[in-house]
Amino acid sequence: KPQHEIKSVFPSCLYITHKKTPLSLSELEDIKKEYSSQNSYIFNTNSLLTNLKEFCEEHINIYVNEVISPKEKLDFYITQSWLNVTRPGESHHKHSHPNSIISGVFYVSTVEDDKITFGDPNAKTRGALKISLGEYHMWNSSSWYFPVVNGDLVLFPSWLSHKVERNEKATKDRLSLSFNTFVKGSLGSAETLSELILS
């Protein structure tokens, strides 16, 4: 059999972690109060969710240091944060998050066979040639899903499209808290005429 290697080039980063301590009853009650609200700044206006916000910020910092790996000191912060309620049989359309660098989803209450599905940003280019596939895998699929459970936090580049498929097995509402981020600091350099100071 010929020797060969299959390597990855320019991959998209998906960061998944799990909050070991479950949300408290007061945190869950406060989240449920947001059911019908249009509040898109939950972390800024809800002091009872400070611990959850700090958990998300801790992992945003790890993502920045290990994935983006900036040379200069940059301050990434959560801009907007909002609650998603998906009722049995509902779905979330394919979308990405403009005006954000890193986006995240924290899973408050998942449902049976729950998952998040991401789309390949190069799918349109690759789709110029249609080949029937015998087996789907990470190298030939236009989308790929990851299972999620209560307490999971998923971070990803905001430009990466994602969706929630219709879940016919669901018997209760699915609750997740999403957020966007931006940055404060100095990007680029004066020498290369690319300096941008964000404060």
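The model is predicted: local features need pLDDT of at least 70, side-chain atom pairs count only at pLDDT 80 or more, and totals for chains, interfaces and linings use all residues. Residues are numbered from 1 along each chain as its sequence is written, and side-chain values use heavy atoms, with hydrogens and water left out.

Start with the whole protein. Its secondary structure comes to four helices and ten strands. Helices (H or I, at least four residues) and strands (E, at least two) are DSSP runs, numbered from the N terminus. Along the sequence the pattern reads β-α-α-α-β-β-β-β-α-β-β-β-β-β. The C-alpha atoms fill a box of roughly 60 × 55 × 30 Å along the principal axes. Of the contacts (heavy atoms within 4.5 Å) with a separation of 6 or more, 82% join residues 24 or more positions apart. Buried residues make up 36% of the 199 residues. Buried means under 20% relative accessible area, exposed over 50%, and partly exposed in between (1.4 Å probe, protein chains only).

Now take helix H1, residues 25-32. Its buried residues are Glu27, Asp30 and Ile31. They cover an arc of only 100° around the axis, which puts them on the same side of H1. The arc is that of the directions from the helix axis to the C-beta atoms. An α-helix has 3.6 residues a turn, so residues three or four places apart point the same way. The cover over the buried residues of H1 includes H3, strand S2 (75-86) and strand S4 (102-109).

The loop between H2 (42-45) and H3 holds asparagine 46. Asparagine 46 counts as buried because its relative accessibility is 9%. It touches Asp30 and Glu34, leaving aside residues up to four places away in sequence. Serine 47 sits in the loop between H2 and H3, but counts as exposed at 62% relative accessibility.

Buried residues in H3 include Leu52, Phe55, His59 and Tyr63. After H3 comes serine 69, whose phi is positive, near 55°.

Last, the loop between helix H4 (123-126) and strand S6 (143-147) contains tyrosine 136. Tyrosine 136 counts as exposed, at 60% relative accessibility.
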